[in-house]
Amino acid sequence: MSQQVQDQELSGDPEGGEGEPPLALLPLDAWHRARGGRMVPFAGYEMPVQYEGIMAEHLWTREHAGLFDVSHMGQLIFSGEGVEAALEALMPADIAAAKAGHPVYSMLLAENGGILDDLMLTRRDDGSIYMVVNGACKWDDIAHFREHLPDEIEINYLDEHALLALQGPKAAVVLARLIPGVDALVFMQGGLFQWQGHDLWISRSGYTGEDGFEISVPTGAVEALADAIVAAPEAKPIGLGARDSLRLEADLPLYGHDLDTETTPVSASLGFALKKRRREEGGFPGYERIMAERETGPILKRVGLIVDGRQPVREGAAVLDAEGSEVGRVTSGGFAPTVQKPIAMAYVPVAQSVVGTKITLVQRGKIHTAEVVQMPFVPHRYVRKGA
Amino acid sequence: MSRYYTEDHEWVEVDGDIGTVGISEYAQSQLGDIVFVETPDAGKEVSKGDDVAVVESVKAASDVYSPVSGTVLEGNDALADTPELVNEDPEGDGWFFKITLSDASEVEGLMNESAYAEFVSKL
């Protein structure tokens, strides 16, 4: 028996090749190992891919609450005169109109409109901008910001902060027991909270499609906080494997797989992130190409697929046209534990992107058939009104 | 009856000239949740070391190699709808296929149970 294709999370280590620096350890490294976490290289770190098993952890998160350590992600603070306009020059977000404390999804764009990274940014009461970027991209992102932002904008990398995510229908009850008041937040709203004398920045957001929170915590306090959370009977630590299957079911693209410099916000079906004022005024990289794609349609578009049968069709499989020519590709795929079917995200020609279209795929010489479906595969359960 | 193992974590249980093939307890524990198994059709001629079956977990796809040469008698049809049998009982109900051995002496190159246990303990 030998492995032919590794899961994208397991192989998704753009920073861990030969000649690269050794893998970094998370602040919770020993904590994960003590709980049976199987550690794998990801984004330059040794990270837990699973504890008891991906399927069980996935289903637990959908039913109860799962604690994810996402401290590999880059947490940045931008400050200085004109910070909003300076950042708007690099991405299509309407930062000026963003309500303080409310995270906004956006993308760092290249000059040709390709996606350099996707991110969440939050305007804070003091006028600074808190941003979370992908772990595998963070060093390139910081270099990009330093090159393109004016000198008066200060970039502060929060390397003394860990990031936890507590996700699932029981997340609010678990976290509110420790930190009263967090359950008053609504989806895509954040606030500053205190826990045992530590400042925590908590937002009601996540990467699973479930209700939940993301918690920025000083590294000195993260172990005690993680212990306090998993002491609740509703909460368990969850690895990267289930994080990947949860986000795939929730139509949340993964940078480096579903998004990269070859894709644009339009082809990636992320047009919601192109805010109205920015579409009208422009002033972000790739503006002309992106607006042209909005008008006439991109060549390829990201869609969701349900694959016939039981065999997973994974990243790298080709999308074929009627003549058998390769016209697109699968960018994420696997057996979906909640859907109980193989599902995928793929880039397909726009003419084939309509829900209900039959798609032919080939993987390792074998033909598979699939159908374009509406995403998300599992309905989002965000809490838009406070409890 | 004797059971033999490969370094690639297949097992074959030999009874006369009939072998039953599967993957080991160690292999299933490494793979994690198995969601799909493809077994060979009856009548297929295979040589020792051929990739004859596919096993897919949530996280990865793997080839399964035949530990012996011969002709496939039957695949385990139960795995089509209940691939999790491989997790639950890899060295029993989760067998992959039965094969008529063409060269019974091939098993001499494989490990017995204690040698395989020793091999796995060093991984």
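Colleague: What volume does the second largest pocket have?
Modeller: This is a predicted model, and the pocket is an open space found on its protein atoms. The second largest pocket has a volume of about 260 Å³.

Colleague: Which residues lie closest to the centre of the second largest pocket?
Modeller: The lining is made of 15 residues. By class, six of the lining residues are nonpolar, five are polar and four are charged. Strand 12 and strand 13 of chain A each give at least two residues to this lining. Closest to the centre are Arg124(A), Gly191(A), Leu192(A), Leu200(A) and Trp201(A).

Colleague: Which peptide bond is cis?
Modeller: The bond has an omega near 0 degrees. Its proline, Pro376(A), lies in the segment after strand 21 (366–373) of chain A. The cis bond runs from Met375(A) to Pro376(A).

Colleague: How many cavities of 30 Å³ or more does the structure hold?
Modeller: A cavity differs from a pocket in that a 1.4 Å probe fits inside but cannot get out. With the volume limit set at 30 Å³ or more, the number of cavities is two.

Colleague: Which elements give two or more residues to the lining of the second largest cavity?
Modeller: The second largest cavity has a volume of about 40 Å³. Its lining consists of Met47(A), Pro48(A), Phe68(A), Asp69(A), Val70(A), Ile238(A), Gly239(A), Leu240(A) and Arg243(A). The elements that supply two or more of these residues are strand 4 (45–50), strand 5 (65–69) and helix 8 (240–249) of chain A.

Colleague: How many residues of each class line the second largest cavity?
Modeller: Asp69(A) and Arg243(A) are in the lining, and both residue types count as charged. Gly239(A) is also there, and Gly counts as polar. The totals are six nonpolar, one polar and two charged residues.

Colleague: Why are Lys276(A) and Glu280(A) separated by about one helical turn?
Modeller: The structure holds 26 salt bridges over all chains, and one of them joins the side chains of Lys276(A) and Glu280(A) at 3.0 Å, N to O. Both residues belong to helix 9 (residues 276–281) of chain A.

Colleague: What area do chain B and chain A bury between them?
Modeller: The contact takes 26 residues from chain B and 22 residues from chain A. Val35(B), Val58(B) and Lys59(B) supply 32% of the area that chain B buries against chain A, more than any other three residues. Of the area buried by the two chains together, 48% is on carbon and sulfur atoms, and the total is about 2,000 Å².

Colleague: Which residue of chain B meets Lys366(A) in a salt bridge?
Modeller: Side chains of opposite charge can pair when their charged atoms come close. The interface of chain B and chain A has three salt bridges. In the one with Lys366(A), the distance from N to O is 2.4 Å, and the partner is Glu38(B).

Colleague: Which strand of chain B gives the largest share of the side that touches chain A?
Modeller: Across this interface 13 residue pairs are in polar contact. Elements of chain B that each supply at least two residues include helix 1 (25–31), strand 4 (34–38) and strand 7 (60–65). The largest share, six residues, comes from strand 7 of chain B.

Technical notes
Residues are numbered from 1 along each chain as its sequence is written. Chains are lettered from A and ligands numbered from 1 in the order in which they are written. This is a predicted model: local features need pLDDT of at least 70, side-chain atom pairs count only at pLDDT 80 or more; totals for chains, interfaces and linings use all residues. Side-chain values use heavy atoms; hydrogens and water are left out. Contact means heavy atoms within 4.5 Å. Buried area is the accessible area (1.4 Å probe) that two parts lose on being put together, summed over both. A salt bridge is a side-chain nitrogen of Lys or Arg within 4 Å of a carboxyl oxygen of Asp or Glu. A polar contact is a pair of N or O atoms within 3.5 Å; within protein, one must be able to donate a hydrogen and the other to accept it, and residues adjacent in sequence count only if both atoms are side-chain atoms. Helices (H or I, at least four residues) and strands (E, at least two) are DSSP runs, numbered from the N terminus. On a 1 Å grid over the protein atoms alone, a cavity is a set of points where a 1.4 Å probe fits but cannot get out, and a pocket is an open set with protein on both sides within 12 Å along at least five of seven lines; lining residues have an atom within 4 Å of a point. Grid points are joined across faces, edges and corners, and a volume is the space filled by probe spheres set on the points.
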